Amino acid sequence: MGSKNSAIGAAFWSLVDKFSTQAVSFIISIILARLLTPTDYGIVGLMSIFLVISNVFIDAGFGNAIIRKTDRTESDLSTAFYFNISISCIIYIILWFLAPYISLFFNEPLLVPLVRIAGFNLVLGSLCIVHQALLTVDLRIKEQTYIALISQIPAGIIAILCAYKGLGVYSLAIQALIASLIKCLAFWYVAKWAPHRVFSKDSFRYLMGFGSKLVCANVIGVAFDKIYSVLIGKFIGKAQLGYFTKAEALDSQVFSVSNGMVQRIALPILSKSQSDKILLKERFREIMRLLVMVNVLIAAFIFVEAKSIIVFLWTEKWLQTADILSVLALANIWIPIGSLSLVLLQVVNRTDMVLKLEFPKKIIYICIIYVGFQFGVLGLSIGFVLINMVAAFINMYVTKDILQYSYVSQVIDIFKYIIYASISTFVTLFFSYNISILALDILIHLLQITSVYILILLFARDEIALKYLKKIKSKLINSI
């Protein structure tokens, strides 16, 4: 019972408290978007290609290996820590010397100092990978939410001041650096853990055995994700990349509350059920249905209100972002489905399958990207949706085999929520009317689509909706 209550508490904190973190980040991003230009964000998008790929090597899957291992030792933790920090320093040095060549390839001189400044985030991040894993193991999601919050506020304020003073794209690099520093210090303070003077070969073999195949799969996955930034930034334009980067960032920000559950909650909860296949299937299915139920509603709302949201938040200079945002929102219906299946493979220690699944996907991805590129940024965005659909359906094959959770059952569990959200969208558009005050227009449409969606769920007697609405009601009553 205790484990179940802690899981519910973790889910509650991830879904509710994360709103406070996102609210702060949201406000900061609104102000910065009004002070900076699409080209500024395009340059940051180019820089992030190399930082994101580098970060995959630094973590090396060791964080997830620690979470998954139920009999973890101090040797495991210290070995992971020393490996992470060593690799991060090596990669930072490599990036330092590669910066001029990166700048030359994209014909952007600012990339040299930006890569060298922002690259230090990799070192800071490596210092707290183990600490974050320990908090995740104990489902201490509340503390992680607070850490994210206290790192964002001062970093955001300083970035706004820098942008106001005309530092342009450097404002974003400084923001990331300060946030990483504060986050690192906070994780050390909250986790109360320090590495021992030990590096175990046995621990390293386990961690590397678990993480190596995961790293290969993640590098391939991230590289393909970042192909978008390379193609747009190199061949279409930095301003267009800025629109795409900003739409992608807003999309990720909105969906982070639900998608964040995959790694922050799903892995530790499912890991505790790894010895009981019946319970594992039950918990996996519940998490998947909850994620889809939430994400289809968010996607439907963004699809309806993208233009109003963009103009209200960032002014009309960012209007080209709206269509991209509408399309990218649809991809988030499928992202957690594919990711959750990969988490399942980590739980049952079949990370070799993660890598094997990547190869058939990438052949299809290349074809989709090639066709999408012919139609510009919007074509690539539509391709992104198709890619995530393909990934979800391929990964569902693994779920079918491991949990005896048939394709038909999975499809029914997913598509019933898509149908409910589609009906809600149609009703909202049918009874839609334009209001000159954008904030009021957005609010009314949000209430319309949410109300219709909840009514459909209640009418259908959906067990997941009924369960979590009851939990939310109970939490609210207890907090009064």
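## Cavities

Two cavities of 30 Å³ or more turn up in a search of the whole structure. The model is a predicted one. The second largest cavity holds about 30 Å³ of space. Its lining consists of Phe224, Asp225, Tyr228, Tyr365, Ile369, Phe384 and Ile387. Helix α10 gives the most, with three residues.

The lining of the second largest cavity has six nonpolar residues, no polar ones and one charged.

## Nonpolar cores

The largest nonpolar core has 135 residues. Within this core, Leu32, Tyr417 and Tyr453 touch the most other members. Helix α13 (residues 277–314) gives the most to this core, with 21 residues. In soluble globular proteins, nonpolar side chains tend to be buried together.

What is tyrosine 417 in contact with, leaving aside neighbours within four places in sequence? The partners are Arg289, Val292, Met293, Val296, Tyr453, Leu457, Asp462 and Ile464.

## Salt bridges

The count of salt bridges comes to six. One of them joins the side chains of lysine 467 and glutamate 286, at 2.8 Å from N to O. This pair links distant parts of the chain, 181 residues apart. Lysine 467 sits in helix α20 (residues 463–479), and glutamate 286 in helix α13. Glutamate 286 has a relative accessible area of 17%, so it counts as buried. Lysine 467, at 25%, is partly exposed.

Lysine 416 forms a salt bridge with aspartate 462, with the closest N and O atoms 3.3 Å apart. Lysine 416 lies in helix α18 (residues 407–430), and aspartate 462 in the loop between α19 (438–459) and α20, so the pair ties together parts 46 residues apart in sequence. Buried or partly exposed: which is aspartate 462? Aspartate 462 counts as buried because its relative accessibility is 4%, and the cut-off is under 20%. Lysine 416 is partly exposed, with a relative accessible area of 21%.

Lysine 400 also pairs with aspartate 401, the closest N and O atoms being 3.2 Å apart. Lysine 400 is partly exposed at 25% relative accessibility. Aspartate 401 is partly exposed too, at 40%.

## Threonine 37

Threonine 37 lies in the loop between α1 (2–35) and α2 (38–59). At 35% relative accessibility, threonine 37 is partly exposed. Its C-alpha atom is separated by 30 Å from that of isoleucine 368. Along the chain, threonine 37 and isoleucine 368 are 331 residues apart.

Key:
Residues are numbered from 1 along each chain as its sequence is written. This is a predicted model: local features need pLDDT of at least 70, side-chain atom pairs count only at pLDDT 80 or more; totals for chains, interfaces and linings use all residues. Side-chain values use heavy atoms; hydrogens and water are left out. On a 1 Å grid over the protein atoms alone, a cavity is a set of points where a 1.4 Å probe fits but cannot get out, and a pocket is an open set with protein on both sides within 12 Å along at least five of seven lines; lining residues have an atom within 4 Å of a point. Grid points are joined across faces, edges and corners, and a volume is the space filled by probe spheres set on the points. Helices (H or I, at least four residues) and strands (E, at least two) are DSSP runs, numbered from the N terminus. Ala, Val, Leu, Ile, Met, Phe, Trp, Tyr, Cys and Pro count as nonpolar, Asp, Glu, Lys and Arg as charged, and the others, Gly among them, as polar. A nonpolar core is a set of buried Ala, Val, Leu, Ile, Met, Phe, Trp, Tyr and Cys residues joined through side-chain atoms within 4.5 Å. Buried means under 20% relative accessible area, exposed over 50%, partly exposed in between (1.4 Å probe, protein chains only). Contact means heavy atoms within 4.5 Å. A salt bridge is a side-chain nitrogen of Lys or Arg within 4 Å of a carboxyl oxygen of Asp or Glu.
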